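Hi everyone, thanks for coming. I'd like to walk you through one model today, so please have the viewer open.

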Amino acid sequence: MKKKSLAVNAILNALRNGLNILFPLITFPYVSRILNVSGLGKYNFSNSIVSYFLLIAGLGINTYAIREGAKFRDDRKKITYFANQVFSINVVSTLIAYILLLICLLSISKLHMYTYAILIFSVQIFFTTIGVEWLYSIYEEYAYITTRSIIFKLCSIALLFIFVRKSTDYLWYVFVTVFATVGSNVLNLINIHKYCDLRFTFQMNLQKHLKPILIIFSSSIAIMIYVNSDVTVLGFLKSDYIVGIYTVSVKIYNVVKTVLSALLIVTIPRLAMLYGKKRFDEYKIVLKNIFNWLLLLTLPSVVGLAALSSTVVKIIAGTKYLRATSSLEILSVALIFSIFGWLFNECVLIPAKREKYYLIATIISAVANIILNLLLIGKWSENAAAFSTVIAEFLNMVIAMYYSRDIVNFSYLINNPISIFIGCLCIYIECLIFQSLNLNAFATLVLSMMSSIISYFIILIIFKNDKCITILNYLKWRKSE
């Protein structure tokens with residue numbers, strides 16, 4: 001198979017993730033004003049419920065399949081044999097997820113008023129399974145995935161403005177959201193024959209696959225708990241209004257997180273392949289590059305988001321959601337721990353087949369998150385939910401780093417940290433200056449971003465940051481061609 005460029009893959013995946021986020025960013029200001037806070041709260045509470053059953057159906061298969069399947073991607077016969085077994089296990093877990101969802105809908109009275117939204121959201125469960133996204137990740141087919149995303153996101157935006165016209169149309173918003181995912185998965189199934197001959201089989205080889213899948217699944221459960229328990233607990237203990245407020249800060253937080261994680265996601269199959277084939281020197285070089293690119297991008301993003309939280313909330317959701325500013329400021333800190341925790345979990349522990357340590361990290365984080373949510377949300381509402389997320393992400397990162405210490409030399413990973421810290425300080429000062437000028441929100445955001453990017457880049461050059469020098473050398477080379 002022709003080797004694909006990690007840089008190109010990262011750009012394509014950033015574009016795809018950007019589109020996945022751009023869709024709600026384009027639509028969210030419209031939707032938040034049409035549906036109002038309570039309607040938005042119903043939408044997100046229903047989505048948080050279905051996310052647990054999506055997790056059950058997924059069963060940790062995506063991570064496991066990418067790690068193990070990367071070793072077989074040059075052999076159609078082997079990848080077909082492997083994919084059929086994993087896909088069949090996924091089909092069974094999907095059936096179990098639907099049965100459990102039905103039981104919950106019938107037995108939990110709190111969910112009855114959300115039944116229609118939950119049922120529409122649940123369509124994603126089936127189509128996610130048949131979409132076998134993990135197979136396209138194994139083959140690093142990010143050009144196809146990106147093109148597919150553009151088509152369905154554009155269709156979804158058109159449908160949104162056609163069908164979501166008044167405050168009672170939150171079910172139509174659910175439908176439009178689901179359509180974007182479902183359509184992409186149907187195309188995946190149609191094109192799957194290019195890579196393997198996918199079919200259901202009763203010969204699933206559970207003895208080989210089930211244990212690592214269940215360990216990863218347990219970790220996924222813990223992750224889902226500390227990702228979604230804040231919204232779920234808010235929904236049960238507080239009102240739809242509070243959920244709607246917190247939704248805004250989480251939405252913005254996820255925008256930044258998704259874009260930053262684009263580089264990380266595309267490297268997971270490559271790192272799994274290098275580690276699986278015992279090419280450890282290449283593995284460490286790639287890992288070091290990823291770490292430093294993430295450091296270069298994550299820290300200024302966190303500083304900028306924290307400094308401009310109120311401005312971003314005004315642009316994305318409007319002034320009636322300004323209460324979300326404080327929870328967004330708190331969540332911005334979680335970005336650092338989330339991104340680097342993900343790095344050590346997905347790029348070190350999982351390729352090294354240390355799922356049990358990944359499980360330990362996520363269980364401790366999830367338990368801490370639930371306890372803090374239950375103790376604090378009653379008094380501090382959405383700010384408590386944001387704070388519990390920060391603590392959970394921090395614990396996850398620290399524990400993952402601890403269990404990675406014999407594989408990764410942390411002092412070896414870090415390059416030029418001083419230049420990044422000084423650059424971040426300048427960004428914070430510039431953002432505060434532009435906010436003090438009392439310009440409109442959009443002008444404040446644009447001017448702050450432009451000024452911050454320029455000054456940050458200049459500081460990196462002055463301090464001879466190696467990643468910045470790499471960019472300059474590449475631009476010179478392109479110009480000389």
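Let me start with a definition: buried means under 20% relative accessible area, exposed means over 50%, and partly exposed is anything in between, using a 1.4 Å probe and protein chains only. With that in hand, Glu-382 is buried, because its relative accessible area is 2%.

Two quick notes on where this comes from. This is a predicted model, so local features need pLDDT of at least 70 and side-chain atom pairs count only at pLDDT 80 or more, while totals for chains, interfaces and linings use all residues. Residues are numbered from 1 along each chain as its sequence is written, and side-chain values use heavy atoms, with hydrogens and water left out.

Let's stay with Glu-382. You'll find Glu-382 in helix H14; helices here are DSSP runs (H or I, at least four residues), strands are E runs of at least two, and both are numbered from the N terminus. Which residues does Glu-382 touch? Leaving aside residues up to four places away in sequence, they are Leu-234, Ile-242, Ile-245, Tyr-246, Arg-323 and Ser-327, where contact means heavy atoms within 4.5 Å.

The side chains of Glu-382 and Arg-323 form a salt bridge at 2.7 Å, N to O. Arg-323 sits in the loop between helix H12 (309-316) and H13, and Glu-382 is in H14, so this pair ties together parts that are 59 residues apart in sequence. For the cut-off, a salt bridge is a side-chain nitrogen of Lys or Arg within 4 Å of a carboxyl oxygen of Asp or Glu.

Lys-353 counts as partly exposed because its relative accessibility is 48%, whereas Glu-68, at 8%, counts as buried.

Another brings together Asp-406 and Arg-354, with an N to O distance of 2.7 Å. Asp-406 lies in the loop between H14 and helix H15 (410-413), and Arg-354 in the loop between H13 and H14, so the pair ties together parts 52 residues apart in sequence. Is Asp-406 buried or exposed? Asp-406 is exposed, at 56% relative accessible area, while Arg-354 is buried, at 18%.

Now back to H14, which spans residues 355-404 and also holds Met-397. Met-397 counts as buried because its relative accessibility is 11%. Its contacts, again not counting residues up to four places away in sequence, are Ile-336, Phe-337, Phe-340 and Gly-341. For a sense of distance, Met-397 and Cys-196 are 201 residues apart in sequence and 36 Å apart in space, C-alpha to C-alpha.

Last stop: please find Phe-200, in the loop between helix H7 (170-191) and helix H8 (206-237). At 35% relative accessibility, Phe-200 counts as partly exposed.

That's my tour, and I'm happy to take questions!
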